[in-house]
Amino acid sequence: MEVTVADLKYGQKGIIKEFADDLLPIKLLELGCLPGNEVELIQIAPLKDPIYVNINGSHIAIRKSTAVHIRLEIIEEASAL
């Protein structure tokens, strides 16, 4: 099964593998959203969009419609709260 940033659960971490298409905003690339970088889900907005992630120390809010285009390899499962 393919996992994307939109599929992450609280505290779960992954490594960016690739992008589903080339339409990722340049601003995200400038903020470190690049293949090989680590992503962790920090928070989800009350209406489930956007999501708040930590990408190599940068805290970024990403719309779910954008997050579904960022494919991951899970490296740490979500901790039980």
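How exposed is Glu38, and what is its relative accessible area? Glu38 is partly exposed, with a relative accessible area of 30%, where buried means under 20%, exposed over 50% and partly exposed in between (1.4 Å probe, protein chains only).

## Basis of the model

This is a predicted model, in which local features need pLDDT of at least 70 and side-chain atom pairs count only at pLDDT 80 or more, while totals for chains, interfaces and linings use all residues. Residues are numbered from 1 along each chain as its sequence is written, and side-chain values use heavy atoms, with hydrogens and water left out.

## Salt bridges

The whole structure holds three salt bridges, each a side-chain nitrogen of Lys or Arg within 4 Å of a carboxyl oxygen of Asp or Glu. Glu38 pairs with Lys13, their closest N and O atoms being 3.9 Å apart, and this pair links strand 3 with strand 2, 25 residues apart. Lys13 is buried, at 18% relative accessible area.

Glu2, Glu18 and Arg71 are linked in a network of salt bridges. Arg71 meets Glu2 at 2.9 Å, N to O; Arg71 lies in strand 6 and Glu2 in the segment before strand 1, so the pair ties together parts that are 69 residues apart in sequence.

Conventions:
Helices (H or I, at least four residues) and strands (E, at least two) are DSSP runs, numbered from the N terminus.
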